[in-house]
Amino acid sequence: MPKILRVVLWIAVSLLGALALATIALHRGEQINALWLVVAAVCTYAVGYRFYSSFIAAKVLALDPKRATPAERLENGRDFVPTNKWVVFGHHFAAIAGPGPLVGPVLAAQFGYLPGTLWIIAGAVLGGCVQDFVILLFSVRRDGKSLTEMAKSEIGRVGGFVAYVSVLSIIVILLGATALIVVNALKASPWGTFTIAMTMPIAVLMGFYLRRIRPGKVLETSLLGFVLVLGAIFGGQWVSQTPSWAALFTLAAPTLAILIIVYGFAASALPVWLLLAPRDYLSTFVKLGTISLLAVGIVVFRPTLNMPPLTRFVDGTGPIFAGTIFPFAFITIACGAISGFHSLISSGTTPKLIRHEPETRFVGYGGMLAESMVAIMAMIAASVLQPGVYFAVNSPAGIVGQAPEAAATTISSWGFQVSAAQMATLAHAVGERTLFNRTGGAPAFAVGMAQIFSNTLGGQAVMALWYHFAIMFEALFILTIIDAGTRVGRFMLQDALGHIWKPLGRTSWYPSILFTSALIVAAWGNFLWQGIKDPLGGINSLWPLFGICNQLLATVALCVATTIIVKTARAHYLFVTLIPLCWLVAVTFTASWHKVLDKNPRVGFLAHAGQLAKAGANPRLIFNDRLDAAITSVLVAMVATILVESAWECSRVLSGAKMASTKEAPFVMTRLATEEQS
Amino acid sequence: MREAGSCCGANAATGDERAIETSQGTVGVMVAAIVRSLPVFVAMLREVFDESAYQRFLERGQMESSASAYALFRRENELARSRRARCC
């Protein structure tokens, strides 16, 4: 393409993006089409990828196509395999896409669609993508080392320890929060519970088919499993309409919580790969398919956003979670804009597959752009709902009341009209008894998705099927994370405890497996139990706690990246990681301060504990609040330590007191054909 | 007028033909692009779903695919898979 044409094209893309951003930012009092959000995001991502990521690649990281990657040098056909960049992209995206970018934006929509959307777009382009890209490249240049190992070797022992504790804390809190989302989505829902229960025999059947009938044909088996799951969704409808069966699958929140805790323990402690591996494949299959389907649905249906750009809850009095836009919108969105957890993937499997260094830009930066697009779609799914419906589904009984009429009256008094009859009709349309107080984000997302899908395919008659398809997708997805996460946590704990007493570190020693599995499950099970007993719905405490942990891990990752940039004598480009780092420090430290010390009992853990103590509440609830406050404080103190250590290391290098040297693997010329690089 | 009309009609027909040709060309380019990217898409799915890893395992051990070979592959991969971080 001639240069002039390219210049004109990029000017047009930039102008279109600016127009779309102006439209979503400046429109007040009238509804806009969801495609404005899509256009704003796509144009900004395109400009960010074309110009900002290429600047980082050329100037900050100096990507070298002649340098052999660990996939080439250490190729073993198992972990280290030079792989086509599109294949690595798909692999990386499948690993980073979790429930975070779906749930976070749905919850943050309580401020209106504007703050969340702007943060998803800006945060991804300037923060999240940069973090994923630089950590991936730094790991590639260090033979695929993990974030914890890089923190240890580039900053110091404290850095490695903090990264380890942050990861373990995130896993525990994430599992508790996501398990709560599943409980809230399935409680008193025989249809949803039946469908999810059926995924277990289906997975066993898939395991048998995969092992005995068609060994290794995973795609074929996953397709077969998917068809069976679709059958289970239809079966769920029959179950919900048959009183005797419906009674069997209508479970209260505590029962569901106990079942999930037992499931998590069994998944971690028992050699049940026959169940877990096929479920994992099935979940990935459904995840990739549903995300693609949602994208097509939004483009084809072009829904109108019913949520206003800003709601009255920007003042911090929101019913879903309390707290003002700054810092809570940024904590809540989490993975859709920047996720510390991604740095684990970028320094895990992905660097061992990269064939040429320049491809880290496409995989790292581009992969996060795709994840951010998923978050935009979740924001659209939440914002197509009538605001009254959105708040009725997401508000806890402790805020709006248990009775439908009382809840509808409270929500209407906020200026978001909704009636008990309207909610009953909607609940009937999606095959549920009630949609009031279904906190956690998943049911609201499912209603939004069902609305988009049923308008695209099948009409209102199949809304219930789409709703339960969405619930099945989310619950299956989250349960897979619970079983995989519990096992990862168990291995991490075994690695650490092995330093204290060697047998505990043996991953095949059964007493150690049982002991560490019980510890991990007890840790996240405690958060889950806390969530279902919390009169404020649990999400009010757990999701911000998870968000803080996740963003603190991103702070650690950006600290590592900044230190490495200083050590590679490119300090004049420090702003690339330093600006998002400073922003994250401001956000996480402010949020932590509020969550621990704020005098508003709906925000501050200690104030809430004090309020409960005065009211003579259950001591267990008071203890939970104090525990949350202690965890937040410890994590902040540890991240502050790594920040100081990193700043000290950087200042010594910049002042010349220490030689600038990094722990990169030595340069080796690539032997892979040059033509592959194009 | 008729001549002019037929003349214009002839021009319009030529324009239509060109439009059809252009649209056929665009569709052709798109179909070709899809066909070209299909193997990459399948390779991506095979990597995500561990089919490629199984293939590499068979090649490494010079084995044929069978129930016992797959069981061996699963055993080898189970630990690595269990330790793989899953994102939020």
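Predicted model: local features only at pLDDT ≥ 70, side-chain atom pairs only at ≥ 80, totals over all residues.
A crossing of two helices is called left-handed if the near helix is turned anticlockwise from the far one by less than a right angle. Keep that in mind for the helix pair I will come to.

The overall picture comes before the pair. Chain A contains 28 helices and zero strands. Its radius of gyration is 24 Å, close to the 26 Å that the globule rule gives for 678 residues, so chain A is as compact as a globular protein of that length. Buried residues make up 58% of the 678 in chain A. If you take contacts between residues at least 6 apart in sequence, 81% of them join residues at least 24 apart.

Now the pair. Helix 8 of chain A covers residues 157-186, and helix 24 of chain A covers residues 539-567. Their axes come within 9 Å and cross at roughly 150°. Angles over 145 degrees count as roughly antiparallel, so helix 8 of chain A is roughly antiparallel to helix 24 of chain A. The crossing is left-handed, in the sense I opened with.

Which residues make the contact? From helix 8 of chain A they include Gly159(A), Val162(A), Ser166(A), Ile173(A) and Leu180(A). From helix 24 of chain A they include Ile539(A), Trp543(A), Phe546(A), Asn550(A) and Val560(A). By class, this contact has 18 nonpolar and five polar residues, and no charged ones.

That is the pair I wanted to show.

Key. Residues numbered from 1 in each chain as written. Chains lettered and ligands numbered in written order. Helix = DSSP H or I, 4+ residues; strand = E, 2+ residues; numbered from the N terminus. Rg over C-alpha atoms; globule rule 2.2 N^0.38 Å. Buried ≥ 20, exposed ≤ 12 C-beta atoms within 10 Å, placed from the backbone. Contact = placed C-beta atoms within 7 Å. Axes fitted to C-alpha atoms, helices over the stretch in contact; angles between N-to-C directions. Parallel < 35°, antiparallel > 145°, perpendicular 65-115°, else oblique. Nonpolar A, V, L, I, M, F, W, Y, C, P; charged D, E, K, R; others polar.
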